[in-house]
Amino acid sequence: MRAVHAYKIYRPDIRGGIPHVVAALGGIEGIERLVLVARRFGLRRRFRDGADEVDAVSSLGTLFSTPLAPAYPFALARQARRADLVVHHAPFPLVDIGILLGLRPSTALVVHWHAEIVGKPLLAQLVAPLVRHTLERADRIVVSDRIIAERSSMLAPHVAKCVAVPYGCDVDYWRNLDAAGHEAVQRIKLRSPNLIVAVGRLVGYKGFDVLVRAMQFVDGEAVIIGEGPLLGSLKALAHELGLASKLTFAGGLPRNEVRTYLHAASAFAFPSVTDAEAFGIAQIEAMAAGLPVVNTALATAVPRIARHGREALTVAPGDPSALAAALRTLLENGEFARQLGSAGYQRARAEFDHGIFVERVAAIYRQEVKRRNAAVTALRAELRSP
């Protein structure tokens, strides 16, 4: 089987989030894969990423977080002609244009509906007809949680084609440390015994400004791991509030260093403020490390992954006081925090392991290719019959 996975941008130009999911779905036995993406800025680049071929088409830059890559739809249409399966990691309107240019009747289409277009109403309105066409053509639509299909007006007409498959992570990796890792954890704990960790891109919907403000009311320190356009404004806010000594902006770190911080911390903060945060893979990595979570009551999968009073404390989004109170509860009640962390690990192991996620998705891919081939064969036989 030959598959094309289509998304807007990929590593090394960006890491985390959807690119992490795309990478995780590589190496499925029996599937030869091309990852078709755009550059953040620059000329086309083709390279190997493990067993995958990556084609990153030229881009003039970005607008509304979307690469300006006019050749992308044509590249997708060309690659799709040689594919048994096209996998659309939505949202990315240029993929929808490529699908509109035409897929062979025998090519299966699976849409991973990672998120709605949120906070860009003009863009959402402009691309809505393209998205509706894609969803009509799709053989299967994969969401990370059933609530996403239930609450989406775009998905409502196609809910019968939707299947919920939660994302996964390498639970064993995030759970275990080597000797050097244990030593690093002890050094961090001696320096910062009440440490809070947050991980994610420094963009508005992640709510890191809320965490900065919350730290005014927390007796502890916070490390925010990630890169993004809001780094300067977040640092300025911390300085303005007199919190520079309590906040560390660590930048993008290798995942072994992220793992060390998770094991050294007392709590994991996940303060996202809009429904652009559909799931939050960073949550399950923290859970795998045995860390209690403070997340927000978004109308997405976020509070359903780490659940209030079971693996997490869930607070209203955009409320620094509520976030601070939840963090204080975990810092001041070690036994309760350990109970949440232990439950989080058990849930990560049972529900969100990488192997479980990949097996479920691979089964969908094979099933839909088989189903479409059978339908096309039956149609051709019917057309040939007198």
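Modeller: The count comes to three cavities of 30 Å³ or more. The model is predicted, so that local features need pLDDT of at least 70 and side-chain atom pairs count only at pLDDT 80 or more, while totals for chains, interfaces and linings use all residues. Residues are numbered from 1 along each chain as its sequence is written, and side-chain values use heavy atoms, with hydrogens and water left out.

Biologist: What makes a space a cavity, and what makes it a pocket?

Modeller: On a 1 Å grid over the protein atoms alone, a cavity is a set of points where a 1.4 Å probe fits but cannot get out, whereas a pocket is an open set with protein on both sides within 12 Å along at least five of seven lines. Points are joined across faces, edges and corners, and a volume is the space filled by probe spheres set on them.

Biologist: What is the volume of the largest cavity, and which residues line the largest cavity?

Modeller: The volume of the largest cavity is about 60 Å³. Its lining includes Tyr10, Arg11, Phe47 and Ala56; these count as lining because a lining residue has an atom within 4 Å of a point.

Biologist: How is the lining of the largest cavity divided by class?

Modeller: It has six nonpolar, no polar and four charged residues.

Biologist: How much space lies in the second largest pocket?

Modeller: About 420 Å³. Of its 28 lining residues, those closest to the centre include Trp113 and Ser152.

Definitions and conventions: Nonpolar A, V, L, I, M, F, W, Y, C, P; charged D, E, K, R; others polar.
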